[in-house]
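The sequence and the coordinates are shown first.

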Amino acid sequence: MAYTGVPAVGGAPVPKGEERMTVWRITGGEGGPGGPRPERTAPRYDVVELDTPLLRIEGAADAPWLRVSGEVDVSNAGDLKRALRSARARVDGDLHLDLAGVDFIDVAGLRAFTLTARDLAERGGLLVLHSVSAHIDKLVRLIGWDAVPGLELHCRLRP
């Protein structure tokens with residue numbers, strides 16, 4: 001916002017705190033509002049890393065994304081670790097996980113995330129968790145794993 005000065009209403013100065021301000025709208029680029037925007041495409045999940053009754057993990061062969069859906073607990077945390085390891089092997093840099101479809105995760109599942117994040121941090125990368133539910137966000141912060149090197153919580157879901 002940019003201050004445009006103290007306007008006069010009926011010739012009298014406006015009381016302090018009631019000044020008018022100009023609000024600048026930031027647009028998506030050239031052309032201003034309504035102009036063309038660069039096209040953003042979502043990753044195409046075309047690799048099934050894991051498909052069990054409790055957990056499904058899909059990858060994008062041409063992008064560093066995994067979509068995780070279902071429930072992650074101690075019974076399938078090893079499967080999650082293997083899927084993360086496989087994705088990490090084919091991706092340079094950061095690895096992104098879409099967690100919008102995760103209904104439940106326990107500490108064993110979060111541990112798989114932290115181990116992967118630390119490994120990626122050693123290579124100069126990040127594990128970025130997207131669409132993080134309130135449950136996951138609270139659990140990560142409660143344990144203190146939000147400070148794990150290489151782990152980034154991004155795009156938290158609204159409660």
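This is a predicted model: local features need pLDDT of at least 70, side-chain atom pairs count only at pLDDT 80 or more; totals for chains, interfaces and linings use all residues.

Helix α2 runs over residues 107–122. Its buried residues are G109, L110, A112, F113, T114, T116, A117 and L120. These buried positions pack against strands β7, β8, β9 and β10 as well as helices α1 and α3.

## Overall architecture

The protein comprises 3 helices and 10 strands. Along the sequence, the elements follow the order β-β-β-β-β-β-β-α-β-α-β-α-β.

Of the 159 residues, 36% are buried. The protein exposes about 9,900 Å², and carbon and sulfur atoms supply 53% of that area. Among contacts between residues at least 6 apart in sequence, 53% join residues at least 24 apart.

## The nonpolar core

The largest nonpolar core has 30 residues, and those with the most contacts inside it are F113, L127 and L129. At least two residues of this core come from each of the strands β6 (55–59), β7 (65–72), β8 (95–105), β9 (127–130) and β10 (151–153), and from each of the helices α1 (77–90), α2 (107–122) and α3 (134–143).

Which residues does F113 contact, leaving aside its neighbours within four places in sequence? They are L80, L84, L97, L99, I105, L127 and L129. F113 is one of the buried residues of α2, and its partners L127 and L129 are, with F113 itself, those with the most contacts inside the core.

## Loop residues

Residue D106 is found in the loop between β8 and α2. D106 is buried yet has no salt bridge. The nearest side chain of opposite charge, that of K81, is 10 Å away, which exceeds the 4 Å limit for a salt bridge. Leaving aside neighbours within four places in sequence, D106 is in contact with V72, D73, V74 and L139.

Residue S131 lies in the loop between β9 and α3. Most residues other than glycine have a negative phi. S131, although not a glycine, has a positive phi of about 55°. With a relative accessibility of 18%, S131 counts as buried, because the cut-off for burial is under 20%.

Residue V148 occupies the loop between α3 and β10. Its relative accessibility is 5%, so V148 counts as buried. Not counting residues up to four places away in sequence, V148 touches T114, A117 and R118. The C-alpha atoms of V148 and T114 are separated by 6.7 Å, although these residues are 34 residues apart along the chain. Both T114 and A117 belong to the buried residues of α2.

## Salt bridges

The count of salt bridges comes to 8. One of them joins the side chains of D119 and R88, at 2.6 Å from N to O. This pair links distant parts of the chain, with D119 in helix α2 and R88 in helix α1, 31 residues apart. D119 has a relative accessible area of 24% and is therefore partly exposed, whereas R88, at 16%, is buried.

Helix α3 holds both D137 and R141, which are 4 residues apart, about one turn of the helix. D137 forms a salt bridge with R141, the closest N and O atoms being 2.9 Å apart. D137 is buried, with a relative accessible area of 15%, while R141 is partly exposed at 38%. The side chain of R141 also meets that of D146 in a salt bridge of 3.1 Å, N to O. D146 counts as partly exposed, with a relative accessibility of 33%.

How values were computed
Residues are numbered from 1 along each chain as its sequence is written. Side-chain values use heavy atoms; hydrogens and water are left out. Buried means under 20% relative accessible area, exposed over 50%, partly exposed in between (1.4 Å probe, protein chains only). Contact means heavy atoms within 4.5 Å. Accessible areas come from the Shrake-Rupley method with a 1.4 Å probe; for residues, only the protein chains shown count as cover. A nonpolar core is a set of buried Ala, Val, Leu, Ile, Met, Phe, Trp, Tyr and Cys residues joined through side-chain atoms within 4.5 Å. Lys and Arg count as positive and Asp and Glu as negative; His and the chain ends are not counted.
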